[in-house]
Amino acid sequence: MIKIYTERLLLFALDLTAIRLLNTDRALLEEHLKLTPSAMLVDPLYQTEIDGAMQYLAGKMEEMPEAFPWFSPWEIVLRETNTTIGGIGFTGPPDEN
């Protein structure tokens, strides 16, 4: 697992197992990652978009495992509380542009 530490934050790319847990239940993902439960609330409309994106990204990660950090969603964790406070992601590896 790729991890980036700052003074306050930990950022890391989710693997396929974690993405499947995220698609099932965020609480299961947080338990799997040994994070403090966040009780993160996501608008149902936005959750539908997230679910679709996760399916697409998981497919790309299986297709191109060497580029997984570029397709993986990344968790943003507040180190002080070990709680997810957000997420980021890319749409694929960099290209010539």
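A pocket, on a 1 Å grid over the protein atoms alone, is an open set of points where a 1.4 Å probe fits, with protein on both sides within 12 Å along at least five of seven lines, and its lining residues have an atom within 4 Å of a point. In this predicted model, the largest pocket is lined by 23 residues. Local features need pLDDT of at least 70 and side-chain atom pairs count only at pLDDT 80 or more, whereas totals for chains, interfaces and linings use all residues of the predicted model. Residues are numbered from 1 along each chain as its sequence is written, and side-chain values use heavy atoms, with hydrogens and water left out.

**The largest pocket**

- Two or more lining residues come from each of helix H1 (16-24), helix H3 (44-63), strand S3 (74-78) and strand S4 (83-88), where helices (H or I, at least four residues) and strands (E, at least two) are DSSP runs numbered from the N terminus.
- H3 gives the largest share of the lining, eight residues.
- By class, the lining has twelve nonpolar, seven polar and four charged residues, with Ala, Val, Leu, Ile, Met, Phe, Trp, Tyr, Cys and Pro counted as nonpolar, Asp, Glu, Lys and Arg as charged, and the others, Gly among them, as polar.

**Helix H3**

- The 20 residues of H3 should span 28 Å at 1.5 Å a residue, which agrees with the 29 Å between its end C-alpha atoms; the expected span is 1.5 Å times one less than the number of residues.
- Ile50, Met54, Leu57, Ala58 and Met61 of H3 are buried, a term for under 20% relative accessible area, with exposed meaning over 50% and partly exposed in between (1.4 Å probe, protein chains only).
- Seen down the axis of H3, the buried residues fall within an arc of 105°, so they line one face of the helix; the arc is that of the directions from the helix axis to the C-beta atoms.
- These buried residues pack against H1 and helix H4 (68-71), with contact meaning heavy atoms within 4.5 Å.
- On the other side of H3, Leu45, Thr48, Glu49, Gln55 and Glu63 are exposed.

**The loop between H2 and H3**

- Lys34 lies in the loop between helix H2 (26-32) and H3, and its phi is near 60°, a positive value in a residue other than glycine.
- Ala39 is found in the loop between H2 and H3, with a positive phi near 55°.
- Lys34 is exposed, with a relative accessible area of 69%, and Ala39 is exposed, with 67%.
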